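Come along if you like.

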Amino acid sequence: MSAPQPNKIPVQQIDLDATKHRIHPRFVKGFYQNIRVISMYAFLALFLILPWLRYNGRQAIWFDVPSQHYYIFGMTFLTQDFYFIAAFALIAAFTLFMVTVYAGRVWCGYACPQTIWTHLFQYVEKLIIGDRNKRIKFDKTPMSASKAFKKFLIYFIWFVFSMITATTFVSYVSGTEALYNSWQMIGFIPFPDWPTWVWVSIFIFAFSTYANAGYMREQMCIQICPYGRFQSVMFDKDTLIVSYDYERGEPRGARKKGTNPDHLGDCIECQMCVQVCPTGIDIRDGLQVACIQCAACVDACNEIMDKVGYPRGLIRYTTERQLAEKEPSRVLRPRLFAYLTLLTVLCGGLIYALTDRVPLEIDIRRDRNQLSSLTNQGMIENSYIVKLTNKTQEPHAYKISLAPQDGLSLVLRFNDVPLEAGESFDMPVSIYGDPDIIESGQTPVTLNVVSEDGQYKVSKQNIFTTQGQ
């Protein structure tokens, strides 16, 4: 007699295939989707328009990396002004953190470039093929001349959008004039006359846009984007989230229109919330890392509730405290207040630094091989290179002078240094010291640089030495 077999525990089958079926979300209309479409395409229009704005005869926003000059609405920044860029980045990061603590992933659903371009590419498919069911059926049909033509048309439009995106990105660096006005004739055909780095950059940006919005789509949000991974750490019980009211909706089940069976909840199992989701999740399974809080499921569910005569809000923006504990949410809480305070300090400091900033850069270098020399007249000479940078967007002439000091005098090659907007110039200067008056060793000296109209003045200190002659 064989030994009794132990009870077998059912093992859940895991799909080890990494491939996923393409998600074709249904396009839905509603209050939140109207806000979402307006915000997304407003950001897209802003991105496309900004490089064409002019300020004082120059591109208003221009990150001229090759020359290491960065122009933002009349302000010129150099590489040494990187701390301003770091301050902007910190403010943007903490703003995102604060918004996440209060309203969850609204950035992902309403303003993220990945969401915007994916929505745009999917809308192209909708225009050419049709709504969700037609797109799903289109994928399953065998290849034909009609299908090949539609695919070619979709890919071509995607390619055009990708090229527009890439050239716009590059125009922020190369400048619109250099990018769009550089042409050469190959035979009788005009062809862009761009340097190699422009071609490489356009290829990278175009390929990234095409791949991310055309193929990666929701996988960028689910698998790659780090923001979706650490968002749960920033959530608390009072963070706004898109959530399904489990108590009201369960148990689910279909029913005839106009009826409300006592043994069923309000969810009629229509699957609309799943069909409209751009990442393909079921919000009824709870809060998930793939949820970008676009609220498409909210608008879809509200539309169904209106049709069956049930109250809206089965899926809604709410908080864990409201949904689970039936208590009102707390708006001002320590974490949110901390971010708000930090943002106030950062913004105040940045505004003060920008308003107090003098758009004139002065740097003094000296020859380290020979600290000083003795002239034929018995004077001690120290030679310097004064680098002047006009950080305004207008031409100016500058005068260099030495702060009055007994026994020291300044000798210049030029009385005035005219500089164009954003131009730099290395000015050799010499300071002579009378050994009978100045003390032996090292003496601090101050050079002053003043614009011809007296509007800008910068002082820089260096050392005059009697050693090394």
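**Entry 1: annotated spans.** I kept in mind that this is a predicted model. I started with the UniProt record, an unreviewed entry, whose "transmembrane region" annotation covers residues 35-53, 82-103, 152-174, 194-213 and 336-355. I then looked at two of these spans in the model. Residues 82-103 are 100% helix and 0% strand, and their end C-alpha atoms lie 31 Å apart. For residues 194-213 I found 90% helix and 0% strand, with 26 Å between the end C-alpha atoms.

**Entry 2: helix H15.** Next I turned to H15, which runs over residues 334-355 and has 22 residues. From its first C-alpha to its last I read 31 Å, close to the 32 Å expected at 1.5 Å a residue. Which residues of H15 are buried? I noted Leu336, Tyr339, Leu343 and Leu350. They sit on the same side of H15, because they cover an arc of only 65 degrees around the axis. Their packing partners are helix H2 (82-103) and helix H10 (227-234).

**Entry 3: Arg284.** I found Arg284 in the loop between helix H12 (272-275) and helix H13 (296-308). Is Arg284 buried or exposed? Its relative accessible area is 6%, so I wrote it down as buried. The Arg284 side chain makes a polar contact of 3.0 Å with the side chain of Glu269. Leaving aside neighbours within four places in sequence, Arg284 also has contacts with Tyr244, Arg252 and Cys267, and with Gln271, Cys273 and Val274.

**Entry 4: nonpolar cores.** The largest nonpolar core has 33 residues. Within this core, I marked Val242, Val276, Ile283, Cys297, Met305 and Ile315 as those with the most contacts. Helix H3 (106-110), helix H9 (218-224), strand E8 (241-244), H12, H13 and strand E9 (315-318) each supply at least two of its residues. Which element gives the most to this core? That is H13, with eight residues. I also checked Cys297: not counting residues up to four places away in sequence, it touches Val242, Cys273, Val276, Ile283 and Ile315. Finally, I noted a second, separate core of 22 residues, which includes Ile364, Val417, Ile438 and Leu447.

Definitions and conventions: Residues are numbered from 1 along each chain as its sequence is written. This is a predicted model: local features need pLDDT of at least 70, side-chain atom pairs count only at pLDDT 80 or more; totals for chains, interfaces and linings use all residues. Side-chain values use heavy atoms; hydrogens and water are left out. UniProt positions are given in the numbering used here, feature names are shortened, and annotations may be inferred rather than shown by experiment. Helices (H or I, at least four residues) and strands (E, at least two) are DSSP runs, numbered from the N terminus. Buried means under 20% relative accessible area, exposed over 50%, partly exposed in between (1.4 Å probe, protein chains only). A polar contact is a pair of N or O atoms within 3.5 Å; within protein, one must be able to donate a hydrogen and the other to accept it, and residues adjacent in sequence count only if both atoms are side-chain atoms. Contact means heavy atoms within 4.5 Å. The expected span of a helix is 1.5 Å times one less than its number of residues. The arc is that of the directions from the helix axis to the C-beta atoms. A nonpolar core is a set of buried Ala, Val, Leu, Ile, Met, Phe, Trp, Tyr and Cys residues joined through side-chain atoms within 4.5 Å.
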